[in-house]
Amino acid sequence: MSAGANFYKCKKDTTHKSIAKVFTDRGYTIMDCSPLKGACDFVATNGEKVYFVECKSKGGKLSDAEAKFYQYFKAPIYILYSAQDAENLLDLNFYNCNIF
C-alpha cells in the first residue's frame, strides 16, 4: 500500500450482502465504499434519493475511524443491523436504528 492511501483490506459485517440486496431489489444502484477506511459501507441511490449506509451485525459497534468520520460528514448515515431495517427504511420511511 502506498503512503497516504485510504484503502485497506476490509472486513464486511455479515449483514452487508442482505442489506445491500434490499436496495438493489428495489432498483437502487450501490457504490461499495467498504474499502475506504472509516467511510460508510455503501451509498445507494435510485436517482431521486441517496442513502449512506453502514451495515452492522447485531451488537456491532462503530470503529474509532467510523465514529470520527461520521462526526464530520454532513449527511445522515443510516446504521442498519438487518435486511428488515433496510425494508423499513425504504418501504415505510421508518427508521428505528442509530443515525449519525
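Colleague: Hi! What should I know about this model before we start?

Modeller: It is predicted, so to speak, on these terms: local features need pLDDT of at least 70, side-chain atom pairs count only at pLDDT 80 or more, and totals for chains, interfaces and linings use all residues. Residues are numbered from 1 along each chain as its sequence is written, and side-chain values use heavy atoms, with hydrogens and water left out.

Colleague: Thanks. How many residues are in the largest nonpolar core?

Modeller: There are 15 residues in that core, and Ile-19, Phe-23, Phe-42, Tyr-51, Val-53 and Leu-80 have the most contacts inside it. A nonpolar core here is a set of buried Ala, Val, Leu, Ile, Met, Phe, Trp, Tyr and Cys residues joined through side-chain atoms within 4.5 Å. Buried means under 20% relative accessible area, exposed over 50%, and partly exposed in between, with a 1.4 Å probe and protein chains only.

Colleague: And which elements give two or more residues to it?

Modeller: Those are α1 (16-25), β2 (42-45), β3 (50-55), β4 (77-80) and α3 (83-92). α1 gives the most, with 4 residues. Helices (H or I, at least four residues) and strands (E, at least two) are DSSP runs, numbered from the N terminus.

Colleague: What is Val-53 in contact with?

Modeller: Leaving aside neighbours within four places in sequence, Val-53 is in contact with Ile-19, Phe-23, Cys-40, Asp-41, Phe-42, Tyr-78 and Leu-80. Contact means heavy atoms within 4.5 Å.

Colleague: New topic: at what angle do α1 and α3 pack?

Modeller: About 25°, with their axes 8 Å apart. The axes are lines fitted to C-alpha atoms, for helices over the stretch in contact, and angles run from 0 to 180 degrees between N-to-C directions. The two helices are therefore roughly parallel to each other, a term for angles under 35 degrees.

Colleague: Which residues meet there?

Modeller: Ser-18, Ile-19, Val-22 and Phe-23 in α1 meet Ala-83, Ala-86, Glu-87, Leu-89 and Leu-90 in α3.

Colleague: Which residues of α3 are buried, and what covers them?

Modeller: Asp-85, Ala-86, Asn-88, Leu-89 and Leu-90 are buried. Their cover includes α1, β3 and β4. After α3 comes Asn-93, with a positive phi near 50°.

Colleague: Last one: where does Ser-57 lie, and is Ser-57 buried or exposed?

Modeller: Ser-57 lies in the loop between β3 and α2 (64-72). Ser-57 is buried, with a relative accessible area of 18%. Ser-57 and Thr-15 are 42 residues apart in sequence and 5.8 Å apart in space, C-alpha to C-alpha.

Key. Angles under 35 degrees count as roughly parallel, over 145 as roughly antiparallel, 65 to 115 as roughly perpendicular and the rest as oblique.
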